[in-house]
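Hi there,

Here is the structure I promised to pass on. Have a look at it first, and then read my notes below.

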Amino acid sequence: MTHPSFFTLLSNRSQSINSLLCVGLDPHKSELAPFLTNNDTTDEDSALCTAAYSFCIHLISTTHPHCIAYKPNAAFFECLGHQGLATLKRVVDYIHQETACVVLLDVKRGDIGSTAEAYAMACYEGLEGEGVTLSPLMGWDSVEPFVTGKYANKGAFILCKTSNPGSNDLLATPISDNNQISLYEKIATLCKEWSQKAASITPSPNTQENEPPRLGLVVGATDPTALSKARAAAGPNIWILAPGVGAQGGDLDAACMAGLNDEGTGMLIPVSRGISRAKDPGLEAKRLKEGINAAREKVLAKRKAVTSDDTSASIAPYQKDFIEFSLEENVLRFGSFVLKSGRTSPYFFNAGLFSSGSALFKLGKAYAASIMASDELVDTNGKVTFDIVFGPAYKGISLGALVCSALYADYGIDSGFAYNRKEAKDHGEGGILVGASIANKRILIVDDVITAGTAIRESFDLLKECNATPVGVSIALDRAEKRSLDDPLSAVQAVARDLEIPVVSIVALPQLQEFLRNSANYGDDVLRQVSEYRSQYGV
């Protein structure tokens, strides 16, 4: 008889009771006093083991309607002497006999060869757990015995970015040449690869097209940025065990926004002390389950709103022309590109490749069209709300000149033009500003894209120091993606919020998606990749 795999059991249980809650079983000696008896005939270790068993049974019997898995921490049983493991086995047996929950043994093993095989045998045959936690730092051969061969139906969560502050000492260490990829992101990538490798070594007897993974990740709910990056690296099918909600202070909403897949699942959220120390553990488990589900609903609603925006996005003729000639000039490309942020993007935009007279001419016209189409930069009388176009050094200088020229040629608007130098000139007219006088003037800042917003903010401060009034920003492309989970606004939205001025783009990500929907030159796969990227990082 073929047994369902660990992650299939987890998914099935999650769907059946609509929960992502995992209850940690950590019988700290300090919590066992209420469960100790006055039996003087037993030694201390035996008394503590009996109390630990009673402690766990009390939690299991009151919380099992609300959780999908139990996570006994082996250390708290092993420290109880030679009877401790026998007590853990009794607890596992009780879970199997009295509940429909799966057992995830929190053992954090990590070794190679026959030692790893022995650990796997101890966990799966001795203790009869369905899954384990593992350290991946000794590589694939330390993980392989737990998810291949006769244990192909088992599952393991590998430590990726743990919830303790000290995890930054090693797991957050940059390891790529450009210091953009951290060790935990590499582990997340390996998780996906190793899971596929395990399935190729020992195919499941009921292998289907979408066979569940063999491996998941441990990523702390205390670090939403790491959750987001790990999810992006590992993909939507990998389950993430996210400790840290409750006693460690993890933000549930932020963690779910970062770690859930598009189905609103793929996360197992363990809580130990928050439940065991509650006056009514069963009631607290119910409250936590409902809180997690409320956070899931928020995530799904936000992502549904993004999808709705996608379907209703319109694209103006100048935007379509801009995208087409950006593709012709190789400024816009589709594929797989690692950004400075470390994210892997399905598209890339490099305005520096607008490098011919015809391309620059079209670029200026596109900027001018986007400005004139903006209700925020043009008043009800059809007049622009700015006096001067300002180009920040260096890229903004040529862009500002193009915009001024195109506004005059196409719309008869003769605005002034100014720019700054990176270093003050110590001869001639001196200073760092060149061009039209900006004092007491309304200024439109022009740049290509806003990545972090640093150049725009510096320009804003410079202009304010010169008694000028910045009234808007014009850019070529708005990637419409959030900067981080700590500030879930996009870089463009953050600039608009912080500086209290509008930011107008020629195109944004929704228009790019609309272009792909209506283009015969790009298949559904490109649109799917762009849409999935927006779903993961979009605002």
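**The second largest pocket**

The lining of the second largest pocket is made up of 18 nonpolar, eleven polar and eleven charged residues; here Ala, Val, Leu, Ile, Met, Phe, Trp, Tyr, Cys and Pro count as nonpolar, Asp, Glu, Lys and Arg as charged, and the others, Gly among them, as polar. This is a predicted model, where local features need pLDDT of at least 70 and side-chain atom pairs count only at pLDDT 80 or more, while totals for chains, interfaces and linings use all residues. Residues are numbered from 1 along each chain as its sequence is written, and side-chain values use heavy atoms, with hydrogens and water left out.

**Backbone details**

Which peptide bond is cis? The one from A393 to Y394, with omega near 0°. Y394 sits in the loop between strand 11 (388–391) and helix 14 (395–411). Helices (H or I, at least four residues) and strands (E, at least two) are DSSP runs, numbered from the N terminus.

Two residues other than glycine have a positive phi. For K108, phi is near 50°, and this residue belongs to strand 3 (residues 102–109). For E128, phi is near 60°, and its place is the loop between helix 5 (113–126) and strand 4 (131–134).

Are they buried or exposed? K108 is partly exposed, at 43% relative accessible area, and E128 is partly exposed too, at 35%. Buried means under 20%, exposed over 50%, and partly exposed in between (1.4 Å probe, protein chains only).

Happy exploring!
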